[in-house]
Amino acid sequence: MNQIQSDILHNIEVIQSRIRHACEKAGREVSSVRLLLATKTVDPSRIRIAIESGHKLIGENKVQEFASKADELSDLDYERHFIGHLQSNKVKEVLKYAHAIQTVDSLSLVSELDKRLTELGRKLDIMIQVNTSFEESKFGLAPEDVLAFVEEIINVKTLNIIGLMTIGLFADTAEEARPSYRLLKAIGEEINTTYPGEQYIKEYSMGMSGDLEVAIEEGATMVRVGSAVFGPRIYS
């Protein structure tokens with residue numbers, strides 16, 4: 001085992017240990033929280049190390065990276081989520097590779113997804129992105145608009161709503177992000193109460209390396225961690 005492989009596997013174990021402890025503290029089953037490895041700018045050789053060791057949930061932010069890495073890792077069996085902002089004109093490319101898209105936040109995007117998926121004769125799991133921190137720099141629906149958005153898209157047969165996603169408040173302490181995560185869980189519960197027979201919201205993608213414990217306490221089922229596993233991002 002070389003040093004890069006050793007470092008990546010060690011870092012994953014550190015994060016997994018934090019997830020276990022957070023679940024124990026919150027009285028939750030460890031299996032109720034999945035680690036999504038965020039691979040923005042990460043070389044495919046490093047991603048391969050993680051996948052081959054059994055960590056098969058991967059998230060990518062950029063369409064071009066998403067496509068090129070999927071091609072390079074096509075011999076491996078793993079789950080690919082798109083977790084970046086998605087423009088309608090990039091949908092066709094993303095659908096070649098995505099098992100799920102976590103950042104659906106507009107009817108125009110829904111329309112394009114539906115059009116392309118209909119052509120392909122397939123369905124897609126999606127998550128609705130919500131701007132729970134109310135920061136203008138972030139994408140996502142306003143919290144008060146989510147229920148109406150769900151009402152608009154529940155009859156789109158090509159899309160399977162599985163959950164909600166948010167990026168917590170950028171703050172100095174993890175605790176400051178807690179209201180963002182608590183709000184996302186409340187929105188999900190409101191949706192499930194509105195549609196009790198469907199239980200659309202099963203997944204809550206929220207929390208990163210700096211605040212995953214808080215996110216898990218507030219109900220995260222998926223935490224997104226990148227540089228804490230693979231090292232600092234390298235931008236060209």
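Reader: Where is L95 found, and is L95 buried or exposed?

Author: Buried means under 20% relative accessible area, exposed over 50% and partly exposed in between, with a 1.4 Å probe and protein chains only. L95 lies in helix α4 (residues 91-95), helices being DSSP runs of H or I with at least four residues, numbered from the N terminus, and L95 counts as buried because its relative accessibility is 3%. This is a predicted model, in which local features need pLDDT of at least 70 and side-chain atom pairs count only at pLDDT 80 or more, while totals for chains, interfaces and linings use all residues. Residues are numbered from 1 along each chain as its sequence is written, and side-chain values use heavy atoms, with hydrogens and water left out.

Reader: Which residues is L95 in contact with, leaving aside its neighbours within four places in sequence?

Author: Contact means heavy atoms within 4.5 Å, and on that basis L95 touches I101, L113, R116, L117, L120, R122 and L124.

Reader: How is the packing of two helices described?

Author: Two packed helices are described by the angle between their axes and the distance between the axes. Here helix α6 (residues 146-153) and helix α7 (residues 178-194) pack at about 45°, with axes 10 Å apart; that makes α6 oblique to α7, since angles under 35 degrees count as roughly parallel, over 145 as roughly antiparallel, 65 to 115 as roughly perpendicular and the rest as oblique. The contact is formed by V146, L147 and V150 of α6 together with I187, E190, I191 and T194 of α7.

Notes. Axes fitted to C-alpha atoms, helices over the stretch in contact; angles between N-to-C directions. Helix = DSSP H or I, 4+ residues; strand = E, 2+ residues; numbered from the N terminus.
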